[in-house]
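Trainee: Could we go through some terms used for this structure, and set the values against their definitions?

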Amino acid sequence: MSVHILGIRHHGPGSARNVKAFLEELQPDIVLIEGPPEADALLQWAGHEELQPPVAILAYQPDSPQKACFYPFAVFSPEWQAMLYAKNQRIHARFMDLPLAHVFGMENEAAAKRAAQGQKENAPEHPGPSEGIPPSELNSSSTGIPLPENARSLRNSSTEEFTAAELEMEFLPPSPQDPVAHLAHAAGYDDGERWWEHMFEYRLGQEQVFEAMHDAMQALREELPRRYDHKEALREAWMRKCIRQAEKEMFQRIAVICGAWHAPALQTMPKQKDDNELLKGLPKTKVECTWIPWTYSRLSYESGYGAGIPSPGWYEHIWEHPADDGTRWMALVAKLFREQQQDTSVAHVMEAVRLANALAALRHYPRPGLEELNEATLSVLCNGESILMQLIRDELIVRNRIGKVPVEVPTPPLQSDITRQQKKLRLPQTADYKDYILDLRKDTDLERSIFLHRLQLLEIYWGKRYEVSGKGTFKEQWRLQWDPAFSIDIIEKGSWGNTVAEAATSFVTSAANNTGTLQQVCKMLESAIPAELPAVVEVLIHRISNLAAASGDVLQLMEVIPSLVNISRYGNVRKTDAALVSSITESMISRICISLPAACTAVADDAALPLLDLFFVMNDAINLVQHNALTTSWHETLTVISGNPQSAPMIAGYATRLLFDSKIMTGETLVKAFSVAMSVANPPSLAAAWLEGFLKGSGTLLLLDEELWSMVHNWVSQLENDIFIQVLPLLRRTFSNFTAPERKKLGDKVKHGGNGTSIKAATTADIDHERGARGIPVVMQLLGFKDAKLLPDGA
């Protein structure tokens with residue numbers, strides 16, 4: 001009976017190659033792999049043709065799905081190769097890390113204690129990523145420490161205070177920096193990652209590599225100070241327990257695949273009694289596991305994954321082509337550049353390969369690594385311009401790649417329904433973003449739109465919607481990009497229903513009943529209409545009606561009117577009954593028209609500015625409704641506000657402007673209102689505020705209407721110096737909102753005395769009448785006249 005401890009680096013192609021070769025030579029009876037024992041049932045899927053890495057084991061607590069972690073695998077992960085070997089050889093394989101049932105149980109127990117002590121439940125018991133753990137520790141992947149992906153960092157949202165990755169931080173090696181950095185420094189390297197790659201991942205001859213790795217880790221464990229001993233000891237005690245169990249079951253050749261840091265602790269066995277005593281009485285909770293697709297971008301350091309690697313795409317390349325001297329890699333770079341219309345010749349490729357190999361020789365490397373290849377690419381193929389290196393990084397070094405999982409893999413019902421609909425609607429999960437323009441007049445596109453809107457109602461933001469200019473309301477543009485963290489959100493929302501429609505209905509209904517803000521409920525309704533959930537729409541409309549009836553805040557009602565009007569319009573496009581919303585909208589507009597004049601009195605200038613925006617969107621919404629009675633009522637309200645001396649001047653001015661735009665107040669009536677507001681009898685500050693409201697958004701009025709221009713010009717001219725200085729900031733704010741051409745033309749009018757005559761004369765004098773006459777026949781033909789002589793006399 002023999003036990004063979006294979007210390008590895010997670011996601012290392014060299015380690016994966018060594019493990020594969022060692023297992024093929026040893027031919028063990030059982031393979032023990034560092035990982036959650038709850039996922040043992042998932043090992044049967046290894047080798048399935050539709051389970052294609054990168055994939056990950058998702059482990060979560062069913063009654064609290066936000067407590068979850070991921071165990072990612074790539075094709076070049078040693079654990080993945082061990083699984084494939086066991087499956088192909090039909091031998092036993094088991095995971096042997098500390099069960100997550102105990103991990104989650106310990107955290108639940110700690111959270112309960114903190115809650116009993118009156119502390120915040122989300123306060124971490126130990127340092128988190130932003131609380132003092134050095135980056136070198138977080139990324140200490142060279143030691144082989146399995147840091148599962150942190151669900152919190154993936155989802156960019158708060159979860160329960162515990163994830164497995166945080167517990168793993170408690171298991172970090174006891175060095176203030178990456179322990180392997182000590183070995184790298186001793187070998188003359190300034191980067192532990194680069195030393196590890198050249199020592200273990202790139203080299204082809206790996207005799208006695210596991211023995212050497214064991215000796216190195218043993219020395220580091222003895223020399224470096226220790227931290228977090230208890231929880232690290234729990235993990236290693238459980239691993240030893242699994243090894244003893246395999247021995248007890250009379251397996252003759254036992255292969256153990258674990259992080260290199262743990263190898264010395266598993267090689268020398270303490271007394272079984274000591275380990276049993278250490279593991280005694282651990283709390284426990286229920287845990288479930290499944291396979292999910294993963295992406296290379298989530299396998300990299302930048303995702304926050306503690307055991308991440310800097311270059312998944314490059315690692316896959318050297319896994320598939322271990323003896324590549326750079327030729328194959330440079331060919332891929334050249335192909336990428338040519339696809340981007342960049343001139344790249346064979347000579348460029350050859351020179352870049354020669355330079356990369358020369359750099360490797362100068363650095364005493366047997367062959368070039370990624371660093372040498374990048375330097376050669378930058379010098380030869382990019383001509384020293386680094387901008388194209390970002391393209392290489394995205395497309396080759398990291399790569400936008402996503403794995404696949406068989407549909408037969410057991411998943412929660414909601415996840416199964418989403419997968420089924422994705423397949424039916426031909427919306428595949430992609431690591432890179434993909435754009436879709438959906439024509440809602442087509443059945444398939446309409447179903448896609450409904451599906452994506454329902455996912456958004458469930459707060460699963462797989463798709464992001466963009467406005468489509470010039471394509472009408474029957475077009476939608478979506479950008480889809482799958483994030484493995486959506487699996488957590490899907491599991492969380494699975495408690496609301498087994499299908500997307502059922503879960504969205506229950507989730508939104510509950511949220512609406514617990515929301516006391518009218519604006520939020522209106523936004524929910526705006527999202528629910530395109531999702532085509534009649535039951536949800538009915539609940540939301542009833543909720544809006546109740547909230548609107550109870551609301552005495554006219555400004556809050558104005559905020560939601562545009563949303564309700566858009567819903568009515570969208571309802572028509574979606575073939576839904578817009579009358580469900582129209583009655584509420586009409587009632588709310590009537591209430592606004594009654595209450596708004598009083599709300600516009602005694603308003604300070606700083607409060608008047610945001611109120612003008614509400615007037616603008618309210619006016620647009622009423623014009624969009626095209627309801628004569630409502631339009632008339634709105635114009636009457638604006639007239640009252642405009643003529644009320646108690647109205648805030650800025651609001652009164654803007655109300656007058658809206659009446660002018662609607663051609664309700666024109667001619668002498670407009671001039672009279674303007675004269676009263678700009679009278680010298682009024683305080684200059686009030687007149688300036690009224691003018692700011694009237695001219696909001698456009699100065700064209702002053703350019704076209706000479707009478708209004710003269711009134712403004714005379715009013716400014718009559719201001720005394722000290723008063724002019726007081727109103728100057730208001731005037732400057734007013735004119736700063738005009739476009740540059742408007743400001744230029746207004747300046748020209750002031751320069752030429754204000755009547756514009758000189759400008760017109762100068763413009764007329766510059767006209768070339770003879771040249772203009774030569775174009776008349778062409779213009780006549782465009783207008784349908786065959787002969788310019790047919791024009792009436794004097795034309």
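Mentor: Let us start with accessibility, where buried means under 20% relative accessible area, exposed means over 50%, and partly exposed lies in between, computed with a 1.4 Å probe on the protein chains only. This is a predicted model, in which local features need pLDDT of at least 70 and side-chain atom pairs count only at pLDDT 80 or more, while totals for chains, interfaces and linings use all residues. Residues are numbered from 1 along each chain as its sequence is written, and side-chain values use heavy atoms, with hydrogens and water left out.

Trainee: Why is the contact of D275 and R240 called a salt bridge?

Mentor: A salt bridge needs a side-chain nitrogen of Lys or Arg within 4 Å of a carboxyl oxygen of Asp or Glu, and the side chains of D275 and R240 meet at 2.9 Å, N to O, so the pair qualifies. D275 lies in helix α12 (residues 272–279) and R240 in helix α10 (residues 229–248), so the bridge ties together parts that are 35 residues apart in sequence. Both D275 and R240 are buried.

Trainee: What makes K424 exposed?

Mentor: The relative accessible area of K424 is 53%, which is over 50%, and therefore K424 counts as exposed. The side chain of K424 also meets that of E447 in a salt bridge of 3.7 Å, N to O.

Trainee: Why is E447 called partly exposed?

Mentor: E447 has a relative accessible area of 35%, which falls between the cut-offs for buried and exposed, so E447 is partly exposed.

Key. Helix = DSSP H or I, 4+ residues; strand = E, 2+ residues; numbered from the N terminus.
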